[in-house]
Amino acid sequence: GSLVWKLGLSGHPRQWTLDVAWHYLQTETIVKGEHLGTALATALVTGLAIAILALVGCWLARERAWFRWLLFSVLTWAWVLPGPAVGMGLLNVIMQLPEGPWKVLLYNGSSPAPIMWAQTIRVLPMAVIFFWPVVRMIPRSAFEEGRLAGANAIGEFLHIVLPLTWRAGLLTTLAATALCLGEVAASSRVETAGRWESFAKILLDRMHYSVDNSLAALSLFLLASLIALALASIGFWKLGRGQK
C-alpha cells in the first residue's frame, strides 16, 4: 500500500493522482522493463537448474549414507555463510582461473554465468531441504521393481524418481526462482558488466539516493513478479492435489 501511495505522490502540498502513478509505471517499463524480463528469465533458468541438482542430490543420498552426510554437511556450510562472503569467495576463485573461454564467460564478458553460480550456492540448500522428504517417501518397492526389470541408474531416475516428484519439482523451481530474483548479497559481487546486472541490485542502489516515485515503480514490478510466481505455485499445488 505504501508503494502504491508513493508511486502517485506529487506537487506541493503532496497529493496522490492516478495520472502521476501511471506516468511513472510507463516510464520505468520503457527504461527497465527489459532488464526485469532478463532478470526473471535468468532466475527461472537458475531455479530450474537448482531444482534438478537438488533432486539428483537427494536421489543419490537416499541409499548412500556417506553421500548423504557429505551433501548435508556441505550445504549446511553454504547455507550459514554470509552472502557477501560467498560472493567475494567466488570472485576470488574466478580471478585465479587461467585465461581461457571460461574466463570470458565468468569475468571478462557480459554473461549471467557468475550470477547463476552465486545464486545456486545460496538457494540450493533450501531446495534440498524441500526435496528430501519428497524423495524419501518414494516406496522402496518401486526401486526394487525397477532394478529387477533391469533399469540402470539413468533409467531409475527417469522412470521412477522423476515421474513421482515432478510436481514438487515445479514448486521448487518457482520457489527457487523467487529467491534468485531477490538475491543480491552474493550475486552483486560477481556480476559482469552489461545487461546481466541483478534487478535487486538496481533497487538497492536506487535506495542509496532517494525513495522516489521511480523506486516505488521498480519495487512494484519486482513485487508483481513474486506474486505471479506465488500464484503459479498455488495453481500447480491445486493441480497436483486435484489429480490425486
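Start your tour by selecting Asn 213, which is buried, with a relative accessible area of 8% (buried means under 20% relative accessible area, exposed over 50%, partly exposed in between, with a 1.4 Å probe and protein chains only). You are looking at a predicted model, where local features need pLDDT of at least 70 and side-chain atom pairs count only at pLDDT 80 or more, while totals for chains, interfaces and linings use all residues. Residues are numbered from 1 along each chain as its sequence is written, and side-chain values use heavy atoms, leaving out hydrogens and water.

Asn 213 lies in helix α10 (a DSSP run of H or I, at least four residues, numbered from the N terminus). Now show the backbone of Leu 7 and Leu 9. The backbone oxygen of Leu 7 lies 2.9 Å from a polar atom of the Asn 213 side chain, and the backbone oxygen of Leu 9 also lies 2.9 Å from a polar atom of that side chain. Leaving aside neighbours within four places in sequence, Asn 213 is in contact (heavy atoms within 4.5 Å) with residues including Val 20 and Tyr 24.

Next, select Val 128. Which residues touch the most other members of the largest nonpolar core? Val 128 is one of them, along with Ile 50, Phe 131, Val 161 and Phe 199, in a core of 37 residues (buried Ala, Val, Leu, Ile, Met, Phe, Trp, Tyr and Cys residues joined through side-chain atoms within 4.5 Å). The largest share, 10 residues, comes from α2.

Finally, colour α4 (residues 83-96) and α5 (residues 101-108): their axes come within 10 Å and cross at roughly 145° (lines fitted to C-alpha atoms over the stretch in contact, with angles from 0 to 180 degrees between N-to-C directions). Leu 91, Ile 94 and Met 95 of α4 meet Lys 103, Leu 106 and Tyr 107 of α5 in this contact.

Notes: Helices (H or I, at least four residues) and strands (E, at least two) are DSSP runs, numbered from the N terminus. A polar contact is a pair of N or O atoms within 3.5 Å; within protein, one must be able to donate a hydrogen and the other to accept it, and residues adjacent in sequence count only if both atoms are side-chain atoms.
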